[in-house]
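Q: I've got this one open on my screen. Can you walk me through some local features?

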Amino acid sequence: LLKRFVTNKSFSGAKISILAVDLSSFDTLMSFNPLLPTATASTTKLFSTAMALELLGPDYRFETTFFTDGLIEQGVLKGNLWIKGGGDVSCGSKYFNGEGKEFEEMDAWIDSLKKLGIHEIQGKVIVDGSDFGYEGTPYGWSGWDAGNYFGAFPAGLNFYDNVARYYFETGKPGIRARLIHTSPIQPNLQLTNKIISASVKGDHSNLQGRAYDEHRIATGKLPAYQSSYMVRGSVANPEFNFAEVLKSRFQLDSFKLSGGVLPARGMTIPDYDCLYRLFATYGRSVQEIAHWTNRKSVNLFAEGLLNGVAYKLTGDGRNSKALKIYSEFLASRIDTMGLRLYDGSGLSRNNRIAASHFCDLLDYMTKSPVSQEFFNTLPIAGKSGTISELCKGATGEGRVYAKSGTMTGIKSYAGYIHTLSGKKLAFAFVVSGYSCSQSTVKQQMEIL
């Protein structure tokens, strides 16, 4: 069966790395190029979620803190309100808030100010998202990916998964679609719109762009004769987007602000120990974030956990700092020969991971203090998450617990199998650089 898989003409020229082991004896059950590192897409999230669960702990929550450099006199804050983000990626997230409820956290902050007796701010509201730095997307992310909703990247302050909704009006086939508006409003957006109305079903469009570059290129096709068709894309500047959304909530509440709401980038960041701390709020737990990271393969969450570990341990949440901690964490737990990681999500095509790296990690995590918490984040074949259709109706349904990875030309699975005889296996299948259809690769992997 393995020979038939690796000699499949559809995989000619592709890099294939396969390994399956019995975790009780670590006997090799299946192996082909197990030490060959290659790009694996979203199975990379197994590494970042494992590290976050171990080093932060399942119950850790990212903190957003509110400070002032002024005084409160008769309901008026005479000075600036500083909002220091700690990297909470769950703020307003659709994974934790129902449609239309993404603003509830921000509204609660305004209510907290009122409970402190503050009804007016004679100064600026400054939102500081610098805790994760301003490096933008990790090395190896393309502009083709980064402009899409799945290419959203984390900052010290985040809102609604750092996604903007673009609403287009389409006409008869062949006519260019018209952008109606965005939500949240993107006041600095420079859109080159090439989307065509077409006789298609579903979204066939693509948004291209890069971090901190407000220029976006929209290409592809959308269904014809739609009065308002929504397409999701990443926001170019999370800190600025956060400021704009928060400003709209203050305005909706008729809360008096004399200096507006501004992003902190370019300003001198104060020593927060010298400011007066008003209150703090806490996001969802690492366990909850890791759950959605692996179940629904949320790239933003994976990167947020990676950067969040670095910020918690060193006070520096930049990707460059996080990668050093990442490397040290893994090197002390598994054999990292040939392993190259540039992000926590797998969107970087420069990552290099072999099947043996996955199996080593999976074996290590069975002995980890957070073994069960890690296991609980994994999708279940035929049941849940990104592998809800994998092995459906077959023996593997409900017995394969694994992360999937999919990008153009890349398909991978890695995780655990509970066999009919009661054994627990770790496995990893990676095929990178194939030229056939994705469904063909998936079908052959299901058989294997």
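Q: Let's start with P184. Where is P184 found?
A: P184 is in the loop between β10 (178-183) and β11 (190-193). Keep in mind that this is a predicted model.

Q: What kind of peptide bond joins S183 and P184?
A: A cis one, with omega at about -5°. For context, most peptide bonds are trans.

Q: Where is the place of N162?
A: In the loop between α4 (143-146) and β9 (163-169).

Q: And is N162 buried or exposed?
A: Buried. The relative accessible area of N162 is 1%.

Q: What about S297, what phi does it have?
A: A positive one, about 55°, and S297 is not a glycine either. S297 is found in the loop between α6 (286-295) and α7.

Q: Does S297 count as buried or exposed, and why?
A: Buried, because its relative accessibility is 19% and the cut-off for buried is under 20%.

Q: Switching to helices. How do the axes of α2 and α7 cross?
A: At roughly 40°, with the axes coming within 9 Å. Here α2 covers residues 45-55 and α7 covers residues 299-314. That angle makes α2 oblique to α7. The crossing is left-handed.

Q: Which residues make that contact?
A: From α2, K45, S48, T49, M51, A52 and L55. From α7, N299, A302, L305, L306, V309 and L313.

Q: How do the residues of the α2 contact with α7 divide?
A: Eight nonpolar, three polar and one charged.

Q: Now α2 and α9. At what angle do their axes cross?
A: Roughly 25°, and the axes come within 11 Å. Helix α9 spans residues 355-365. So α2 is roughly parallel to α9. The crossing of α2 and α9 is left-handed.

Q: Who makes the contact there?
A: L46, F47, A50 and E54 on the α2 side. On the α9 side, H357, F358, L361, Y364 and M365. Those residues divide into seven nonpolar, one polar and one charged.

Q: Back to α7. How do the axes of α7 and α8 cross?
A: At roughly 85°, coming within 8 Å. Helix α8 is residues 319-331. That makes α7 roughly perpendicular to α8.

Q: Which residues meet in that pair?
A: In α7, E303, L306, N307, V309, A310, L313 and T314. They meet N319, K321, A322, L323, I325 and Y326 in α8. By class, this contact has eight nonpolar, three polar and two charged residues.

Q: New topic, serines. Where does S404 lie?
A: In strand β19, residues 400-407. S404 is buried, at 7% relative accessible area.

Q: What do the side chains of S404 and T386 do?
A: They are joined by a polar contact of 3.0 Å.

Q: Which residues is S404 in contact with, leaving aside neighbours within four places in sequence?
A: S42, T43, T386, I387, S412 and Y413.

Q: And S93, where is that found?
A: In the loop between β6 (81-84) and α3 (104-115). S93 is buried, with a relative accessible area of 0%.

Q: What does the side chain of S93 reach?
A: The backbone nitrogen of Y95, at 3.1 Å.

Q: What does S93 touch, not counting residues up to four places away in sequence?
A: Y160, D161 and F301.

Q: Last one, K247. Where does K247 lie?
A: In helix α5, residues 238-252. K247 is partly exposed, with a relative accessible area of 27%.

Q: What separates the C-alpha atoms of K247 and F427?
A: A distance of 49 Å. Along the chain, K247 and F427 are 180 residues apart.

Notes
Residues are numbered from 1 along each chain as its sequence is written. This is a predicted model: local features need pLDDT of at least 70, side-chain atom pairs count only at pLDDT 80 or more; totals for chains, interfaces and linings use all residues. Side-chain values use heavy atoms; hydrogens and water are left out. Axes are lines fitted to C-alpha atoms, for helices over the stretch in contact, and angles run from 0 to 180 degrees between N-to-C directions. Helices (H or I, at least four residues) and strands (E, at least two) are DSSP runs, numbered from the N terminus. Angles under 35 degrees count as roughly parallel, over 145 as roughly antiparallel, 65 to 115 as roughly perpendicular and the rest as oblique. A crossing is left-handed if the near helix is turned anticlockwise from the far one by less than a right angle, and right-handed if clockwise. Contact means heavy atoms within 4.5 Å. Ala, Val, Leu, Ile, Met, Phe, Trp, Tyr, Cys and Pro count as nonpolar, Asp, Glu, Lys and Arg as charged, and the others, Gly among them, as polar. Buried means under 20% relative accessible area, exposed over 50%, partly exposed in between (1.4 Å probe, protein chains only). A polar contact is a pair of N or O atoms within 3.5 Å; within protein, one must be able to donate a hydrogen and the other to accept it, and residues adjacent in sequence count only if both atoms are side-chain atoms.
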